[in-house]
Amino acid sequence: MIFSTLEHILTHISFSVVSIVITIHFLTLFLLVDEVVGLYDSSEKGMIVTFFCITGLLVTRWIYSGHFPLSDLYESLLFLSWGFSLIHMVSYFKFKKRKNNLSAITAPSAIFTQGFATSGLLTKMHQSAILAPALQSQWLMMHVSMMVLGYAALLCGSLLSVALLVITFRKAIKIIGENNNFAFSFGKIQYMNERSNVLLNTYFLSSKNYYRYQLTQQLDRWSYRIISLGFIFLTIGILSGAVWANEAWGSYWNWDPKETWAFITWTVFAIYFHTRTNKNLEGVNSALVASMGFLIIWICYFGVNLLGIGLHSYGSFTLN
Amino acid sequence: WSFLQSADSIRKQEFSDTLPQASVSDLGVILMGAGYEVFLKGPSLYAFKGLAGRFAPIGVHLAMLLIMAGGTLSATGSFRGSVTVPQGLNFVMGDVLGPTGFLSTPTEAFNTEVHVNKFYMDYYDSGEVSQFHTDLSLFDMNGKEVMRKTLSVNDPLRYGGITIYQTDWSFSALQILKDGEGPFNLAMAPLTINGDKKLFGTFLPVGDTDSSNVKGISMLARDLQSIVLYDKQGKFAGVRRPNSKLPIEIDGTKIVIVDAIGSSGLDLKTDPGVPAVYAGFGALMLTTCISYLSHAQIWAFQDGTTVIVGGKTNRAKAEFPDEMNRLLDQVPEIVESSISKKPDNIGG
């Protein structure tokens, strides 16, 4: 009883903290206040609080139910939002000097997944359920956690690529008004941060083009690194799943919908890496591939569960 | 290794710089201090670091080829089969296994006889099934017991290259006592099978069994732990657990449920490709991780008193120019007009 109330409290705290953090982020972008740095720090602290809340939530569920908290869709969504906040933590602490724009992607993603998980759609699943015999294995921890962490990293990376595409094609699309443009305000924040650190290079055509170029370069590099990391996790996840399937059912690959889509996701990101080997295709083209990857991950993680068939049907649910 | 002989080709590299008063051998020393492997030939220099990062992608593709080869071997050389064995009966492995391809050849182990000693299930407090167990004994051609193991869902039995998995279960028969007589074995029929949700039923006729409209007691069960009984009108009469041995009186007949006899659903498999596939999996995981490492190459050419430096890297593209600049800053500037090997003046 105590555990479920604790769980409840932690869920609500993390949800509200993340919403406040997002609000702060949006305020700093649209109002362009000079206390950017001050508010930024508080939003960072907010993300740290969220991270600990979600970690606490997962640990509580683990203790309460006796099994690793990754047995159905609700738990894997929680784990996904934990993955996002983890990526945020790691990138924040590793690159303390440079304020990176990754937080704009990880924070909203964490809140959306957390929000969906705690929303009314899945209330049936909030109770910790018992594990079916097929799931009672040590492999559960490794396979599912690697897959979900891989999804989290790849989603971040592909969102960064989408941001890159938005910025690159901003002129062509003619988005309404410059003050409303999220991406351009991004560039301004970068400029203000850099002004306090680095002497400006004298070679630039116009301030707008230079900072846009700088921004796309940074986004490109960041998305490449995050997708590389996510790809490693995804590879390990798929392969450990195959080995587990062999232990449990005698066959390491069954062309199950989820397995097939995970393989498709893996292939799409392998294409992403191969497009980057060619200098001409680097940048925009690889970003296009990564953006398609974003859709494919959602089909693989979520869409297949809606079908409700196959060996992975633990993740399925019906909308009542 | 490949030296670049002309200054122009070096300038075309991703990162390039010129050191006006320097010696290529000083650069070589600095690079060696930074962990590079340096090769000097006359005025040319070639250095690299992180060789693993260069060969790892090749390793990735080789691992994938290995996995595909193993998969082909699995597809053409395996044996597969499945069998549902009631508790207490046995089967011979070779009778159950069938080949999947032209490379499949049976082994001596196929003559093993498998005897199902006991099939039982564990339950949670809520009544849901928590695990299936089958206690198996393996006997060879001479009747000697060669292995005894209880398998469960994520814990298969391995013998002589053949693996037996617990994949399914069924209800074979219900053993009852009727009015103290028996025990009678009533075969249980599957009524609905919805994946994991199964319903079995059987019927005990009461009264005149020759008439066309036979009435009797129906017994239904979802698992082996409780049986639901219904009377001649089809009304619910009661629930009994086989372990309790409690009698139940229905329409004047006394029934005691003695035992619920289950059947174990087993899948058998032999797969020669598995070692190759697992080796490929391990190699793929390892080489994918290693290919994250950066491989950097640097070329330099001594042109008079000037050294032209160029470099490229395949991974850490953002940090590379900073690292290069840092290293180049350490190269001493030669103030004398002749290119001498002793750098007495250290300049920025």
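Is A:Glu247 buried or exposed? With a relative accessibility of 18%, A:Glu247 counts as buried, because the cut-off for that class is under 20%. The model discussed here is a predicted one.

## Salt bridges

A:Glu247 has a charged partner in the other chain: its side chain and that of B:Arg158 meet in a salt bridge, at 3.0 Å from N to O. The pair joins two chains, since A:Glu247 belongs to helix 8 of chain A and B:Arg158 to strand 10 (residues 157-159) of chain B. B:Arg158 is partly exposed, at 44% relative accessibility. Its value lies between the limits of 20% and 50%, which is why it falls in that class.

In general, side chains of opposite charge can pair when their charged atoms come close. Counted over all chains, there are seven salt bridges in the model. The table gives three of them, including the pair already described.

| Salt bridge | N to O distance |
|---|---|
| A:Arg276 and A:Asp220 | 3.0 Å |
| A:Glu247 and B:Arg158 | 3.0 Å |
| B:Asp271 and B:Lys269 | 3.5 Å |

The salt bridge of A:Arg276 with A:Asp220 has an N to O distance of 3.0 Å. This pair links distant parts of the chain, with A:Arg276 in helix 9 (residues 257-277) of chain A and A:Asp220 in helix 8 (residues 207-249) of chain A, 56 residues apart. A:Arg276 is buried, at 9% relative accessibility. A:Asp220 is also buried, with a value of 9%.

B:Asp271 forms a salt bridge with B:Lys269, and their closest N and O atoms are 3.5 Å apart. B:Asp271 has a relative accessible area of 12% and is buried. B:Lys269 counts as buried as well, at 5% relative accessibility.

## Chain A

Chain A contains 10 helices and zero strands. Of its 320 residues, 53% are buried.

What does UniProt list under "transmembrane region" for chain A? The unreviewed entry gives residues 12-33, 45-64, 76-95, 102-122, 142-167, 222-245, 260-275 and 287-311 of chain A. Two of these spans can be described from the model. Residues 45-64 of chain A are 100% helix and 0% strand, and the C-alpha atoms at the ends lie 28 Å apart. For residues 142-167 of chain A the content is likewise 100% helix and 0% strand, with the end C-alpha atoms 38 Å apart.

## Sheets of chain B

Strands of a sheet pair through backbone hydrogen bonds, either parallel or antiparallel.

One open sheet of chain B has five strands in the order 1-21-20-3-2, with antiparallel pairing. Strand 1 (15-19) and strand 2 (37-41) of chain B are at the edges; each has a single partner strand, so one side of each has no neighbour in the sheet. From one strand to the next, the twist averages 15°. Five bridges pair strand 1 of chain B with strand 21 (residues 306-313) of chain B in the antiparallel sense. B:Phe15 stands opposite B:Gly311 in strand 21 of chain B.

B:Ser218 is opposite B:Tyr230 in strand 16 of chain B.

## Surface patch and domain record of chain B

Which residues make the nonpolar surface patch of about 530 Å²? The patch is made by B:Phe55, B:Ile58, B:Leu62, B:Leu65 and B:Met68. B:Ile58 lies in helix 3 (residues 52-77) of chain B and is partly exposed, with a relative accessible area of 47%.

For "domain: ResB-like", the unreviewed UniProt entry lists residues 11-172 and 225-324 of chain B. Residues 11-172 of chain B are 25% helix and 45% strand, with the end C-alpha atoms 81 Å apart. Residues 225-324 of chain B are 23% helix and 47% strand, and there the end C-alpha atoms are 73 Å apart.

Technical notes:
Residues are numbered from 1 along each chain as its sequence is written. Chains are lettered from A and ligands numbered from 1 in the order in which they are written. This is a predicted model: local features need pLDDT of at least 70, side-chain atom pairs count only at pLDDT 80 or more; totals for chains, interfaces and linings use all residues. Side-chain values use heavy atoms; hydrogens and water are left out. Patches are made of residues with over 30% relative accessible area and no salt bridge: like charges are joined within 9 Å, nonpolar side chains (Val, Leu, Ile, Met, Phe, Trp, Tyr) within 5 Å. Accessible areas come from the Shrake-Rupley method with a 1.4 Å probe; for residues, only the protein chains shown count as cover. A salt bridge is a side-chain nitrogen of Lys or Arg within 4 Å of a carboxyl oxygen of Asp or Glu. Helices (H or I, at least four residues) and strands (E, at least two) are DSSP runs, numbered from the N terminus. Buried means under 20% relative accessible area, exposed over 50%, partly exposed in between (1.4 Å probe, protein chains only). Two strands pair if DSSP finds at least two bridges between them. UniProt positions are given in the numbering used here, feature names are shortened, and annotations may be inferred rather than shown by experiment. Axes are lines fitted to C-alpha atoms, for helices over the stretch in contact, and angles run from 0 to 180 degrees between N-to-C directions.
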